[in-house]
Amino acid sequence: MEKPRLLDQIRDEMNIRKYSKNTIDPYIYWIRTYILFHNKQHPATLGADHVRDFLNYIVKDRRLSASSQNQALNALVFLYKHILKIDLGPINETFRARRTKRIPDVLTRDEVRTILNLMDGVPKLVTCLLYGSGLRLMDGVNLRIKDLDFDKKEIIIHCGKGNKDRRSMIPEALIPLLKSHLQKVKETHKNDLHDGFGEAPLPDALSKKYPNAAKDWPWQWVFPATTRYLDPFDNCWKRHHIHKTCIQKAVRHAARRSRVPKKIGCHTFRHSFATHLLEEGYDIRTVQELLGHKDVKTTMIYTHVLNKGGLGVKSPLDGHPIPTNLHK
């Protein structure tokens with residue numbers, strides 16, 4: 001039997017380890033770029049010095065960010081450690097870039113309302129969940145019908161970042177809108193079943209364990225795509241969830257129209273969710289659990305908004321008359 005190509009080996013190993021597609025694709029990109037940088041030499045013939053040269057190229061010639069540098073390093077460490085079984089020594093610590101700690105952009109409640117009012121349809125509903133439930137974008141588009149519990153007003157987020165499950169709330173204001181939306185989704189699903197389709201892709205090997213589950217209502221997407229696709233693994237026509245770029249484009253368009261002078265993306269609504277909860281006096285551990293942060297230190301970054309300018313310290317100049325002859 002012919003041995004799989006190196007990049008195929010890497011992809012298979014990462015799939016076995018349950019890495020997400022958002023991790024696998026960048027790792028493959030960086031490893032391929034590393035090989036091309038060294039004139040297509042096999043990585044097994046290269047070592048720590050070659051990795052160092054490549055990382056220097058990323059920083060000095062391509063002038064990429066610290067996060068990109070670390071991502072490239074992580075990809076190469078994975079390659080040598082898990083695929084090639086070669087010890088690169090302490091390179092993981094030596095060449096890890098220190099990321100700049102930045103305070104996230106946070107919207108005020110009025111700014112959130114302004115942007116949401118400029119959106120409509122499914123993108124608006126998804127964005128409302130990002131803000132109202134503190135979801136990441138992929139948490140939102142990956143929701144299935146069974147993940148929503150309207151009686152408990154609860155969302156179950158399965159296999160979020162770090163492959164972790166967690167719970168969050170369903171905003172009461174969204175419940176009627178979600179139920180109305182799901183009626184339309186159910187109608188689409190019924191039409192798909194009538195036409196001989198109606199399958200949603202299932203995680204892992206559930207399709208083998210439960211052959212009929214792919215057509216069952218609980219496993220359908222909350223936000224399905226408008227078209228079907230041909231699954232190359234089993235040659236069946238299925239309906240996937242809406243693509244994340246549909247939401248990203250809608251948010252960018254609304255943000256431009258709103259003229260809010262901030263850098264605004266889908267994740268900004270999650271930042272705003274956390275900050276507004278802390279402003280309302282909710283315990284930081286509760287916010288940490290809702291966000292799914294492993295370490296409370298990650299959640300602590302949102303406490304910056306609670307410090308009202310100058311770290312909450314009142315200037316000694318305040319409360320005193322300001323001289324009027326400043327221009328003399």
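Reader: Is Cys128 buried or exposed?

Author: In this predicted model, where local features need pLDDT of at least 70, side-chain atom pairs count only at pLDDT 80 or more, and totals for chains, interfaces and linings use all residues, Cys128 is buried, with a relative accessible area of 14%. Buried means under 20% relative accessible area, exposed over 50%, and partly exposed in between, with a 1.4 Å probe and protein chains only. Residues are numbered from 1 along each chain as its sequence is written, and side-chain values use heavy atoms, with hydrogens and water left out.

Reader: And how many disulfides are there?

Author: The count comes to zero disulfides, a disulfide being a pair of cysteine sulfur atoms within 2.5 Å.

Reader: Switching to rings, how many aromatic pairs does the structure hold?

Author: It holds ten aromatic pairs, counted for rings of Phe, Tyr and Trp (its six-membered ring) with centres within 6.5 Å, where planes under 30 degrees apart are stacked, over 60 edge-to-face and the rest tilted. One of them joins Tyr19 and Phe78 edge-to-face, at 5.5 Å centre to centre and 65° between the planes.

Reader: Which charged end sits over the ring of Trp221?

Author: That of Arg144, 3.8 Å from the ring centre, and Lys146 lies over the face of Trp219, at 4.6 Å from the ring centre; the rule asks for NZ of Lys or CZ of Arg within 6 Å of the ring centre and within 35 degrees of the ring normal.
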